Amino acid sequence: MIPGKRMPLLTLNTVLGLILLSVVAIGIFFLPPLDGGVRLAAFGLSVLLVIVLVLRDRTERRKSAEDVARLAAIVNSAEDAIITKTLDGTIQTWNRGAERLFGYSADEVVGQSVQIIYPPERRDEFEQILARVKRGEAAGPVDTIRVAKDGRRIDVSISENLIRDAHGRTIGVSKIVRDATERKRAEQAAHFLAEVSEVLASSLDYETTLASIARLAVPRIADWCAVHVKMEDGTIQQLVLTHVDPAQVELARELQRRYLEDPKVPYSVSNVIRTGKPELAPPFADESIAPAHDAKALTIPLDSQLKALMVVPLIAPAEIFGAIMFVSAGSGRHYGPADLALAQDLAHRAALAVDNARLYHKAQSLNEELDLRVAQRTLELANSNRELATEIAEHQGANEQLRLLAAHLLSAREEERIAIAREIHDEIGTLMTAIKMDLAFLNKQMNGSGPPKPPEILREEINATMKLVDDAIRTVHEIALELRPAVLDHLGLRAALEWQLQEFQARTNIECRFQSDLDVFHLDAERSTAVFRILQETLTNVARHAHATRVEANLREQDHHLILEVRDNGQGISAEQIANTQRFGLLGMQERAHIFGGDVVIRGAPGQGTTVTVRIPTLS
Ligand SMILES: Nc1ncnc2c1ncn2[C@@H]1O[C@H](COP(=O)(O)OP(=O)(O)OP(=O)(O)O)[C@@H](O)[C@H]1O
Ligand SMILES: [Mg+2]
């Protein structure tokens, strides 16, 4: 407040003017040369001047008092603290803004040194200002800290101006002190949040992200900070607890367990996670957090550990997944709505970072899955490619085999024709020649053109000729059999096979056994011929390669298939011999079976005999 000073009755100028006038008036009154009328007039004029002077002085003084009052009103209505002080720092005026900011009334501080509002560690600022004022320099707005009556430190911005008298001499200093608490807080918050964003962006790991939140918050906005998350089973787990003093972590945990976990308490973590609403705990009074019945609680120095508390939820787009608890302890910090807003901003950024991390991991695992699938598919394709290549190679091999087989069959047929021609020529031709010579001899005898022979000789000759005819018939029969086993037509397959085996036994002296439970059995002519020829080739092989002493054959029907199994007790056959494509016996057997959708399986091992199994589908 501007203190009201008592005004002097007349100003110095007016008093001096009055004295001068009085001297002039006395002079006029007492000087002898003037006559009485003039003297009286001069005296009256002087008195008039005195009256004018006094009146003018009063008017001016009233005006200046009004000016002062107006100025005082302006100064008092200012938001800022406006203080004037003498050159040595003694406070002269102290407006209402100063009373509000520092808590001292004008009466308390006017006349005292302005050092009353300096924090002890900033006393040198006072000396610097004194020196500057002495040099006649003013100071622009400077950010600093001052102390209020209750000891609170206040961020302020101060501008100082010099007060000069009419002669330009510095006679004092006026200072405007602006409360910078809010601006400072906003600046710090912005700076803090920028740092938070940077730290959060540096990790894509969910736990690292949340742990870094606690590290950033302590000691900047809390003395200890705990982050809790909701697990998949709904339970709440503490992920991290950071304390400005690591030795106090256990104590903080204990406090939390005792006073902050009850879900009924609004500022408990579980309640905040449930409601999703941030909570600012009311100021803690010791008795409210130290229930009387809990004797042990009293041993904890609560007032130093739990001054203020706020809990904010961690909200991802889809759900509330945790909460952060900020606690003020040793620093004595109080939390207000601005702090809660900052904490919420922090939690919001953390939740975003965690959600980003989650999305990143999801994308990454999807990528990995995709890579895996692509790799699998590539492998599958490579495999089927390989299979296809093998199949093509097999086909090519089979084609080559077929080509060779066809060539072989052609030459075999050619050979067969040659053999038949030779047989007809050699056997039948020879026999017919002999028969013709016999008949010519008999003809001569009948015509009586040669020396007559006795009838016994002639009968012998006829018998020999008949035997030749018999031989010819037999040979023709054999050739015909070779071309088409007539036995098949006459006896049917079963009997034909049996007959063939007996033939083989007789020819080779290899003991043959035939066994079949098929009594009446009819297969069409083509299939029967195929089975018969396969048996023939099998027996030929036994005779040529097996060195066997015994052959057992078995004929049966099973699942609409005719099955002929021929087993010898010879030296056996190797896998390479079975796969040999340069030979055509086994290949031909298989080809015959394939024509009817059947197959031939050859099994055996060296020293263990050979088994040939033929399977031909029967007519349904
Ligand atoms: N019963 C068997 N015991 C032992 N080895 C056999 C038997 N049958 C076949 N083999 C072996 O299998 C090979 C292939 O037989 P395959 O009938 O295909 O040809 P081949 O008899 O040698 O000649 P061809 O083409 O004139 O029949 C034979 O060379 C022989 O080494
Ligand atoms: Mg053969």
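Trainee: Which residues in α15 meet which ones in α16?
Mentor: This is a predicted model, so keep that in mind. From α15, the residues are L493, A496, L497, W499, Q500, L501, F504 and T508. They meet S528, V531, F532, L535, Q536, L539, V542 and A543 in α16.

Trainee: How does that contact of α15 with α16 divide by class?
Mentor: Twelve residues are nonpolar and four are polar. None is charged.

Trainee: Where do the two helices run, and at what angle do their axes cross?
Mentor: Helix α15 covers residues 493-508, and helix α16 covers residues 525-546. Their axes come within 10 Å and cross at roughly 20°. That angle is under 35 degrees, so α15 is roughly parallel to α16.

Trainee: Is the crossing left-handed or right-handed?
Mentor: Right-handed, as α15 passes α16.

Trainee: What about α16 and α18? What angle do they pack at?
Mentor: About 165°, with the axes 10 Å apart. Helix α18 is residues 585-595. The angle is over 145 degrees, and α16 and α18 are therefore roughly antiparallel to each other. The crossing of α16 and α18 is left-handed.

Trainee: Which residues meet there?
Mentor: On the α16 side, A530, R533, I534, E537, T538 and N541. On the α18 side, G585, L586, M589, R592 and A593. By class, the contact of α16 with α18 has five nonpolar, three polar and three charged residues.

Trainee: Switching to the metal. What coordinates the magnesium ion?
Mentor: E537 through OE and N541 through OD1. The distances are 2.0 to 2.2 Å. E537 and N541 are also in the list of α16 residues that meet α18.

Trainee: How far apart in α16 are E537 and N541?
Mentor: Four residues, about one turn of the helix.

Trainee: And are those two buried or exposed?
Mentor: E537 has 24% relative accessibility, so E537 counts as partly exposed. N541 has a relative accessible area of 15% and is buried. The cut-off for buried is under 20%.

Trainee: What is phi at H547?
Mentor: Positive, about 55°, although H547 is not a glycine. H547 is in the loop between α16 and β12. Its relative accessible area is 64%, so H547 is exposed.

Trainee: And H560, what is its phi?
Mentor: Near 60°, a positive value in a residue other than glycine. H560 is in the loop between β12 and β13. The relative accessible area of H560 is 60%, so H560 is exposed.

Trainee: Last one, T611. Where is T611 placed?
Mentor: In strand β15, residues 610-617. T611 has 10% relative accessibility, so T611 counts as buried.

Trainee: What is T611 in contact with, leaving aside its neighbours within four places in sequence?
Mentor: E565, V566, R567, V601, I602 and R603. Among them, E565, V566 and R567 fall in β13, which is residues 561-568.

Technical notes:
Residues are numbered from 1 along each chain as its sequence is written. Chains are lettered from A and ligands numbered from 1 in the order in which they are written. This is a predicted model: local features need pLDDT of at least 70, side-chain atom pairs count only at pLDDT 80 or more; totals for chains, interfaces and linings use all residues. Side-chain values use heavy atoms; hydrogens and water are left out. Axes are lines fitted to C-alpha atoms, for helices over the stretch in contact, and angles run from 0 to 180 degrees between N-to-C directions. Angles under 35 degrees count as roughly parallel, over 145 as roughly antiparallel, 65 to 115 as roughly perpendicular and the rest as oblique. A crossing is left-handed if the near helix is turned anticlockwise from the far one by less than a right angle, and right-handed if clockwise. Contact means heavy atoms within 4.5 Å. Ala, Val, Leu, Ile, Met, Phe, Trp, Tyr, Cys and Pro count as nonpolar, Asp, Glu, Lys and Arg as charged, and the others, Gly among them, as polar. Buried means under 20% relative accessible area, exposed over 50%, partly exposed in between (1.4 Å probe, protein chains only). Donors are N, O and S atoms within 2.8 Å of the metal (3.2 Å for Na, K and Ca); water is not among the atoms, so sites may look incomplete.
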